[in-house]
Amino acid sequence: MNKLDRVFNLLEVYISYSFKRTNCNYYPIRIWIELSSRCNLKCRFCVNKNLPPPQKGDMDFNLYRRIIDEIAGKVYDVNLFHRGEPLLNKNIIPMIEYAAKKGVKTRIHTNATLMDEELSRRMILAGLDLISFSFDGYTKEVYEKNRTGAKFNETLTNIINFLKVKKQLKSKKPYTIIQIIQN
């Protein structure tokens with residue numbers, strides 16, 4: 001989606017909102033696609049840990065391609081996460097690459113426990129536009145209480161290594177956010 005199309009789309013959204021229209025004739029600006037409803041952690045505050053096993057799985061790459069093909073040129077970006085850990089989907093790199101090739105910006109939110117330097121490099125080179133890390137606690141005790149199954153020092157190292165790889169590649173993307181809760 002080019003900038004002019006995006007401006008017109010935003011204008012259409014604004015007009016529809018202002019006039020309280022109940023039927024909208026435009027695509028959303030952003031959509032969410034859950035690449036994986038599975039998670040490698042059992043965080044105390046997360047609803048995902050209560051999902052029954054039949055509801056846990058990974059999105060099929062062919063279905064993903066069909067969705068991206070349909071929204072390309074109509075939607076600005078796509079969040080490749082919802083409740084699960086997107087890095088569990090083994091096709092995450094080709095999925096990011098496919099969306100980038102189609103002009104759809106991609107965003108992920110991850111607990112960073114599965115990150116390593118190679119995956120970091122591959123995500124950056126694939127064209128990921130935004131990454132947000134959940135790092136829920138300023139101390140080892142609080143973090144490991146909130147993120148059951150995660151190790152404070154390992155996850156912090158993963159995030160720091162991601163930032164180092166991004167710097168080595170001299171890449172402005174992905175825009176990087178570290179999200180922290182205090183207790």
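Trainee: How much space lies in the largest pocket?

Mentor: About 240 Å³ of space lies in the largest pocket. Please keep in mind that this is a predicted model.

Trainee: How many residues line that largest pocket, and which lie nearest its centre?

Mentor: The lining consists of 18 residues. Those nearest the centre of the pocket are C46, R83, G84, H109 and R147.

Trainee: What is the make-up of that lining by class?

Mentor: The largest pocket is lined by six nonpolar, seven polar and five charged residues.

Trainee: And cavities: how many of 30 Å³ or more does a search of the whole structure find?

Mentor: The search finds one cavity of 30 Å³ or more. The volume of the largest cavity is about 30 Å³.

Trainee: Which residues line the largest cavity?

Mentor: Its lining is made up of C39, L41, K42, N48, K49 and K56. Sorted by class, that lining comprises two nonpolar residues, one polar residue and three charged residues.

Trainee: Why use a probe to look for empty space?

Mentor: A probe the size of a water molecule, rolled over the atoms, shows where empty space is left.

Trainee: Let us change topic to the backbone. Which residues does the cis peptide bond join?

Mentor: The cis peptide bond lies between K173 and P174, with omega at about 0 degrees. P174 belongs to the loop between α6 (152-168) and β5 (175-179).

Trainee: What about K170, where is it placed?

Mentor: K170 is also in the loop between α6 and β5. K170 is not a glycine, yet its phi is positive, at about 55 degrees.

Trainee: Is K170 buried or exposed?

Mentor: K170 has a relative accessible area of 75%, and it counts as exposed because that value is over 50%.

Trainee: What is the phi of A112?

Mentor: The phi of A112 is near 70 degrees, which is a positive value in a residue other than glycine. A112 sits in the loop between β3 (105-110) and α4 (117-126).

Trainee: Is A112 buried or exposed?

Mentor: A112 is buried, as its relative accessible area is 0%. The cut-off for buried is under 20%.

Trainee: Now the helices. What describes two packed helices?

Mentor: Two packed helices are described by the angle between their axes and by the distance between those axes.

Trainee: At what angle do α2 and α3 pack?

Mentor: Helix α2 (residues 61-71) packs with α3 at an angle of about 20 degrees, and their axes are 10 Å apart. The two helices are therefore roughly parallel to each other, given that angles under 35 degrees count as such. The crossing of α2 past α3 is right-handed.

Trainee: And how do the axes of α3 and α4 cross?

Mentor: Helix α3 (residues 92-101) and α4 have axes that come within 8 Å and cross at roughly 15 degrees. α3 and α4 are therefore roughly parallel to each other, and their crossing is right-handed.

Trainee: At what angle do the axes of α4 and α6 cross?

Mentor: The axes of α4 and α6 cross at roughly 45 degrees and come within 9 Å. α4 and α6 are therefore oblique to each other. Their crossing is right-handed.

Trainee: One last topic: pairs of residues separated along the chain. How far apart are the C-alpha atoms of E154 and T113?

Mentor: The C-alpha atoms of E154 and T113 are separated by 7.3 Å, and the residues are 41 residues apart along the chain. E154 is placed in helix α6 and is exposed, with a relative accessible area of 54%.

Trainee: What separates the C-alpha atoms of Q179 and F133?

Mentor: Those C-alpha atoms are separated by 5.8 Å, with Q179 and F133 being 46 residues apart along the chain. Q179 is in strand β5 and is partly exposed, at a relative accessible area of 38%.

Trainee: And where is E141 placed?

Mentor: E141 is in helix α5 (residues 140-146), and at 60% relative accessibility it counts as exposed. The C-alpha atoms of E141 and K151 are separated by 9.8 Å, the two residues being ten residues apart along the chain.

Notes: Residues numbered from 1 in each chain as written. Predicted model: local features only at pLDDT ≥ 70, side-chain atom pairs only at ≥ 80, totals over all residues. Heavy atoms only, no water. 1 Å grid on protein atoms, 1.4 Å probe; cavity = no way out; pocket = protein on both sides within 12 Å on 5 of 7 lines; lining within 4 Å. Points joined across faces, edges and corners; volume = space filled by probe spheres on them. Nonpolar A, V, L, I, M, F, W, Y, C, P; charged D, E, K, R; others polar. Helix = DSSP H or I, 4+ residues; strand = E, 2+ residues; numbered from the N terminus. Buried < 20%, exposed > 50% of the residue type's maximum accessible area, 1.4 Å probe, protein only. Axes fitted to C-alpha atoms, helices over the stretch in contact; angles between N-to-C directions. Parallel < 35°, antiparallel > 145°, perpendicular 65-115°, else oblique. Left-handed = near helix turned anticlockwise from the far one by under 90°.
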